[in-house]
Every structure is written in structure tokens, then in C-alpha cells.
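This report goes through one protein model, from its charged pairs to its helix packing and backbone. Keep the sequence and the structure open while reading.

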Amino acid sequence: MDRSAVLEPPVARRRARLRSRLAIPERRLLLVMGDLLLISLGIAGSLLVWSSWAQRLLNWSLWQQQALWAFFIFMGWLFWLMLSDLYNLRYAVMVGTSVRRILAGGITIALAYLILFFITSPAPILGSTPGLLAQLTPTEALPRLAPGMAIISTTALLLGWRIIYACALRGPQTRRRVLIIGAGKAGTTLARTISRGHSAHYEVIGFIDDHPQKQFTSLNGVPVLSGHERLAQIVHKYRIDELIIAISARLEDDLFQEIIACHERGVTVTPMPLLYERLTGRIAVEHIGSQWYTALPLQRHAASNFFEMIKRVNDLVFGLIGGLVFLALLPGIALAIRLDSPGPVFYAQERSGIHGRRFRVRKFRSMIQNAERDGQAQWAAKDDQRITRVGKFLRKTRLDELPQVINVLRGEMSLVGPRPERPQFIAQLQHQIPFYRTRLAIKPGLTGWAQINYGYGNTVEDAMIKLQYDLYYIKHQAPWLDLLIVLRTFGVVLRMKGQ
């Protein structure tokens, strides 16, 4: 059968279908744009309603006078949405989770506003009549009523929008239909990843594989439909939106030409490591194969030097603030450590920093004295018996890491980056995990992408997963990602979710 004829569906129908089956970046962009629009509408609408009710002229002067609370609510929502991980598409399609977190956000922003504005405002408590409102100047009345209306309206608008988004974009008609080329370990890993957490966004129709023993079988419930010679027919028959290349070796010429023909007719072609990265926030180092160059950016961006300068300024500012917090908490924490168990207040270790340079970090001691009696480095584990009672609290709140602000000020560490590892573990793991030393390409950090997404690990498999997160950060490091990590770290500290 002629491949061109098989792949030639009605153009209008196919384009309409593709518009409803959005890819991961498009879904996330839709969420962000919808949130920004509705937050802005909620704030502007509340000010418009209040000005009409109080018979005030809504002009530029009034906007300028009330910019502070409007900015506070706008940024408060953006920070909350990032802090509560509501741009993680796994949670965005869960109605219950979205509703709970947005309601919690509205309450939190309202309480924060009351603390920052309501209590400090000189305006009297307002009545409910427009006459009383009309007697007050906008600067007296607005810190009472308009912001409250804005918080309520933005909460309601976000609730409605997120419910509509979740209901509209988790149905079978909006899932992208994918066909995975290659039924090996990489392909089955991706299929398993989709089925466990992203089935609302993707539907795996099947595999294409040239191995005769795999064809017309089923791998974890996903059928191996055929070899590559029937790729065109299968793409048309099952209305495939996206082809996933899960073959680490070089593509054969015939298969390559089939893939190009599909791409020419509107089917998206994506390497497995790239889709895995979008879905999980991790780099699939064990499945990269000959595509190793996808693990890291090979060229420096034009803005890299500027970003590094901004990052260092942020480190110094945070280091100074963190140093003041450290000095303020030091007496109480030191006393608690000494009363809980014998031994020093601080614990020092040698770690490897950027380019493998060694330096010493100090932490508040959270384990019993001489926890490594044989002198051999040991991984910390969850519910480690060596951790003291005070140490458990310090770890849950991440306060045990606070002395490392000194390393940040000295330039040995940054606020955000991979956690500094002990040289003994690096010497071991670099022979067991591909690209492990790549995490030494940037400064280590007090917190990082791996820390907020994965807890303590005490196995090589755990180290592999944390490396996948670290490489994702190295590849995508940017101010917005640093901000997201810092906000989510605060969330871990406030909820005492550290380990």
C-alpha cells in the first residue's frame, strides 16, 4: 500500500483533533495564562465594583494609590500556586486536590493581608452602607473592603477555572495518543511512567518493534502492534498524535524514512528522554544511550554570565539574612542538642564542590556522637537509629543545614544547587551511575531540585534518581526555577516535611 495514501487524512478534521490534544508545554502554558488572566480580572473587577459602589472615579490616580495591595494579592497567588505545586500537571487534573489547595491559598492570602495591612491601617472599621464608604478617602476605605472582595473573587475565579480545566482536559478525547517505537527497557519505562501518573494526558496505544519474539505480544498491558514496516498504517488506523523514539541505537534508514513521512503529515516525533524529562522533571540517564548529548546543554547561553551574577548576589543577600537567623537561633539549638545527647553542637564533614574542589561543611549535630565508629562513610536513611530526638526535629525543619550559610557566604556553596556529596560516595558512584560526576559542574546548594522532589536515599538506585533530578536542574537552571525551589523548600520547612 502506498504510504502517502495511507497517511493522508482529511486535513481539517486532523487539525481540529490536534488542537484539542495539547502537549505538556501547551497544557502548562494554558494553566499559567488562565491563572494570570483571572487573577488580574478578579483584582480589577473588585476595584471597579467598589469604586462604583462608593461613587468614586476609577482613574489612574486611584490605581496608583492602591497598587500596593493589588500587587500583594497578585504575587501572593503566583507564589502560592507554585508553592502548592499546582503547575504540576499530575495535580492540575485532580479536582479535589486543586480545590483544597486553592481554598487554602485564599485563606492564607487573606490572613497574610490582615497581618500586613488590616491591623496596621489607620482606617476605622467599615460599616455596610455606601454612605459610610463615601465619607472615607480611597486610601482609608480600600484597605478594608476592596482587597477583601479581590481575595474572594480571585479565589472563586481560580476555583472555577481549575475545575473546568481538570474536567475538560482529563477525558479520553483530550489525551494525546502515542505510539512508542522500541519495546525495550526505555520504551517500557516510559509506558509505565505514563500509566502511573500521566494517563490523564497521554494514552499509549502500543509499541512498534522489529524483534520477532516481541511482536503481537503484550508488555505490561500494552500491545506490540507490529514491526516498522506497518508504521504508516498503524499511525493512520489508531489516529496517532505523537511518535516516541525509544531506541538508543542508530535508526535504520527504512525506519527513519517512515518516521519522517509521519512527521511531514503532522505527527509529532519526540525522543523518549525528552518526553520522560517533561513528565517527571528528571533526566533519564540510564536510557539516553547514543543520545547522551540530551542530558546536558553543550553551549553556554548568552545570559549565563548575567544569571551567575544574579545568583551570586542572591546568595550573598540570603547568606547575610540566614547568618542573622543562625546567630539568633544558635543559643537555643545548641542548648537543646547538649541536653539531648552528649557531644559537640556542630558536626563537620568534607564534601566535594564545583569541579570536585573539597571543602568542609558544618551542620548542627543531629546524630549520636561517633555515628560512624568504623570510620567508613555511611548513607543516612529514613528513621535512622543514629538520629537523636532533637536531631529529628532539626532534620524535619531543615534547621540542621543552617550553619551552611557560612559556606554560601564564602562562595563554596550556593542557595540552590545539587547537595554537596562526600568524596567517598562520589568515588564509588561514578563507576556505577553514568554522568554522576556531571553534578560537579556547578556549585552545590543548600537546597535543590532533588531535595524537594526526593528524600534521603541509601542505595545506588536512590542516588540514580537524585542524579536525574540534579541533571534536570543543571540543564534548566534559571531564576524562575530557583524561585520555585526556594518557595517549595519553605513549604517543606513550614510543614516539617524534611527528612
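## Salt bridges, helix packing and backbone

The structure holds 15 salt bridges. The model is a predicted one. Side chains of opposite charge can pair when their charged atoms come close.

| Salt bridge | Closest N to O distance |
|---|---|
| Asp-85 and Arg-488 | 3.6 Å |
| Arg-176 and Glu-242 | 2.9 Å |

Start with Asp-85 and Arg-488, which form a salt bridge at 3.6 Å. Which parts of the chain does this pair tie together? Asp-85 sits in the loop between α5 (67-83) and α6 (89-92), and Arg-488 belongs to helix α21 (residues 479-495), so the bridge links parts 403 residues apart in sequence. Asp-85 and Arg-488 are both buried.

Next come Arg-176 and Glu-242, joined by a salt bridge at 2.9 Å. Arg-176 is in strand β1 (residues 176-181) and Glu-242 is in strand β5 (residues 242-245), so this pair ties together parts that are 66 residues apart in sequence. Are these two residues buried or exposed? Arg-176 has a relative accessibility of 5%, so Arg-176 counts as buried. Glu-242 has a relative accessibility of 1%, so Glu-242 also counts as buried. The cut-off for buried is under 20% relative accessible area.

Arg-410 has a relative accessible area of 57%, so Arg-410 is exposed. Shared partners also build a network: salt bridges join Lys-363, Asp-400, Glu-401 and Arg-419 into one.

Now the helix packing. Two packed helices are described by the angle between their axes and the distance between the axes. Helix α3 (residues 24-53) and helix α10 (residues 146-168) have axes that come within 8 Å and cross at roughly 150 degrees. How do the two helices run, roughly parallel or roughly antiparallel? Angles over 145 degrees count as roughly antiparallel, so α3 is roughly antiparallel to α10. The crossing of α3 past α10 is right-handed.

Which residues make this contact? On the α3 side they include Leu-30, Leu-31, Gly-34, Leu-38, Gly-42 and Trp-50. On the α10 side they include Met-149, Ala-150, Leu-157, Trp-161 and Tyr-165. Arg-27 and Asp-35 of α3 also take part, as does Arg-162 of α10. By class, the α3 contact with α10 has 14 nonpolar, five polar and three charged residues.

Two backbone positions deserve a look. Most residues other than glycine have a negative phi, and most peptide bonds are trans. Arg-239 is not a glycine, yet its phi is positive, about 50 degrees. Arg-239 lies in the loop between α12 (231-237) and β5. With a relative accessible area of 38%, Arg-239 is partly exposed. Arg-398, again not a glycine, has a positive phi of about 65 degrees. Arg-398 is in the loop between α16 (389-396) and α17 (405-409).

Last, the overall picture. The protein has 21 helices and ten strands. Of its 499 residues, 49% count as buried. Among contacts between residues at least 6 apart in sequence, 75% join residues at least 24 apart.

Technical notes:
Residues numbered from 1 in each chain as written. Predicted model: local features only at pLDDT ≥ 70, side-chain atom pairs only at ≥ 80, totals over all residues. Heavy atoms only, no water. Salt bridge = Lys/Arg side-chain N within 4 Å of Asp/Glu carboxyl O. Helix = DSSP H or I, 4+ residues; strand = E, 2+ residues; numbered from the N terminus. Buried < 20%, exposed > 50% of the residue type's maximum accessible area, 1.4 Å probe, protein only. Axes fitted to C-alpha atoms, helices over the stretch in contact; angles between N-to-C directions. Parallel < 35°, antiparallel > 145°, perpendicular 65-115°, else oblique. Left-handed = near helix turned anticlockwise from the far one by under 90°. Contact = heavy atoms within 4.5 Å. Nonpolar A, V, L, I, M, F, W, Y, C, P; charged D, E, K, R; others polar.
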